[in-house]
Amino acid sequence: MSSGRWRSLKARVSRRDHGCCYRCGDEDEGEHVLDHIIPISEGGSPDDLDNLGLLCPTCDAAKSADEALRGNERRLERARAARGR
């Protein structure tokens, strides 16, 4: 997705959500990032507004860590399954 399209989506989501982090409600919009609520790797839509929200830096870091852990667990499960064949 182009950076211009991403900025446009962020502006739309920001207006819709009044600049608030969807996890904690923080209103410091200047630092917020646009986030896929359900990661694309887990079946989330890349540009559906229902799957986009703003995250503050603290919530973004926590969510990213959780997603990385889930991704690592999926990789380990696939490796175990491959060995078991």
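Is K63 buried or exposed? I looked that up first: K63 counts as buried because its relative accessibility is 9%. For this I took buried as under 20% relative accessible area, exposed as over 50% and partly exposed as in between, with a 1.4 Å probe and protein chains only.

**Ground rules.** This is a predicted model, where local features need pLDDT of at least 70, side-chain atom pairs count only at pLDDT 80 or more, and totals for chains, interfaces and linings use all residues. Residues are numbered from 1 along each chain as its sequence is written, and side-chain values use heavy atoms, with hydrogens and water left out.

**K63 and its partner.** I found a salt bridge from K63 to E67, with the closest N and O atoms 2.4 Å apart. My cut-off was a side-chain nitrogen of Lys or Arg within 4 Å of a carboxyl oxygen of Asp or Glu. Both residues sit in helix 2 (residues 57–83), four residues apart, about one turn of the helix. Helices here are DSSP runs of H or I with at least four residues, strands are E runs of at least two, and both are numbered from the N terminus. E67 is partly exposed at 22% relative accessibility. Shared partners join D35, K63 and E67 into one salt-bridge network.

**Other salt bridges.** The count comes to six. One of them pairs R5 with D47, the closest N and O atoms being 3.9 Å apart. R5 lies in helix 1 and D47 in the loop between strand 1 and strand 2 (52–55), so this pair ties together parts 42 residues apart in sequence. I noted 35% relative accessibility for R5, partly exposed, and 35% for D47, also partly exposed.

**H36.** I then turned to H36, which is in strand 1 (residues 33–36). H36 is buried at 18% relative accessibility. Its contacts (heavy atoms within 4.5 Å) include W6, Y22, K63 and E67, leaving out residues up to four places away in sequence. The H36 side chain also reaches the backbone oxygen of P46 at 2.8 Å.

**Cysteines.** How many disulfides are there? I counted zero, using a cut-off of 2.5 Å between a pair of cysteine sulfur atoms. The sulfur of C56 has its closest cysteine sulfur in C59, but at 3.6 Å that is too far for a bond. C56 is buried at 6% relative accessibility, and C59 is buried at 12%.

Methods. A polar contact is a pair of N or O atoms within 3.5 Å; within protein, one must be able to donate a hydrogen and the other to accept it, and residues adjacent in sequence count only if both atoms are side-chain atoms.
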